[in-house]
Amino acid sequence: MSVVGVRAPVPGRIARPIPLRESVQSAILDMIVNRELQPGEHLVENELAALLGVSRQPVREALQWLKNDGWVELRPGQGAFVHAPTLEEADHLLSVRRLLEAESAALAARNADEAGVARLREIYQRGIQALADDEVDEVVRCNAELHAEVTQLSRNGVLIELTSTVAQRVRWLHAPVARNRGQASWDEHLDLIDAIASGQASRAAEIMAEHTEHTRRSYLASLARSVPAR
């Protein structure tokens with residue numbers, strides 16, 4: 001006999017295991033973004049498979065997907081190589097970043113609460129300590145985290161989504177200049193946090209625009225020096 005008004009329990013969703021190819025793709029991408037695999041470096045399937053403890057097939061599939069996303073170049077007769085950004089490509093990406101993050105900073109100044117500002121200051125302190133310890137990888141991570149938090153504080157979902165699509169590539173490009181920018185970059189971060197904390201939207205946007213422009217110029221100068229003269 002059924003009881004009116006009593007519903008049978010609904011089973012929970014069954015978790016779908018992540019395909020091996022996706023796990024391998026994520027692992028290789030992390031190595032590229034963190035510069036464990038350098039731009040232009042030859043990606044040997046056997047070596048990657050041994051490193052990741054998998055067969056060559058998921059590595060081959062992962063490299064194809066990474067090629068589709070612009071992280072890897074597949075050259076006929078030569079194999080796979082980490083994509084090396086051109087001056088024009090880097091310039092375009094970092095210019096778009098400047099526009100998006102300046103708007104994020106302005107909105108963050110209007111919308112951030114005390115907890116949000118406290119998070120920014122905590123990230124800043126970790127970044128300063130990493131800089132003092134010359135831990136470049138941690139400096140890059142803290143830089144990316146601070147910029148991501150500013151974007152979150154904008155409270156603009158569309159802006160958050162757009163900015164996140166370029167954040168990973170920006171982190172990849174930032175790594176070579178993290179030490180060069182050094183203390184100046186974190187001084188700019190502190191000025192930015194202070195402007196957000198005091199609700200100065202125009203000032204926050206101005207600081208962020210200048211900050212990201214300094215990074216753009218530093219990276220382009222670094223890339224230009226690395227291109228052999230013809």
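**The largest pocket and its setting**

A: Helix 1 (20-33), helix 4 (87-111), helix 6 and helix 7 (157-174) each give the largest pocket at least two lining residues. Helix 7 contributes the most, with eight residues. Helix 6 spans residues 136-153, including Asp137. Helices here are DSSP runs of H or I, at least four residues long; strands are E runs of at least two. This is a predicted model, where local features need pLDDT of at least 70, side-chain atom pairs need 80 or more, and totals for chains, interfaces and linings use all residues. Numbering starts from 1 along each chain, and side-chain values use heavy atoms, without hydrogens or water.

Now go inside. The lining counts 19 residues. Ala144, Ala148, Ser164, Ala167 and Gln168 lie nearest the centre of the pocket. The space within is about 300 Å³. (A pocket is an open set of 1 Å grid points where a 1.4 Å probe fits, with protein on both sides within 12 Å along at least five of seven lines; lining residues have an atom within 4 Å of a point. Volume is the space filled by probe spheres on the points.)

Step back to the whole. The protein has nine helices and three strands. From the N terminus, their order is α-β-α-α-β-β-α-α-α-α-α-α. Its C-alpha atoms fill a box of roughly 70 × 65 × 30 Å along the principal axes.

The structure holds 17 salt bridges, each with a Lys or Arg side-chain nitrogen within 4 Å of an Asp or Glu carboxyl oxygen. In one of them, Arg56 meets Glu45 at 3.1 Å, N to O. Arg56 sits in helix 3 (residues 56-68) and Glu45 in helix 2 (residues 45-52), so the pair ties together parts eleven residues apart in sequence.
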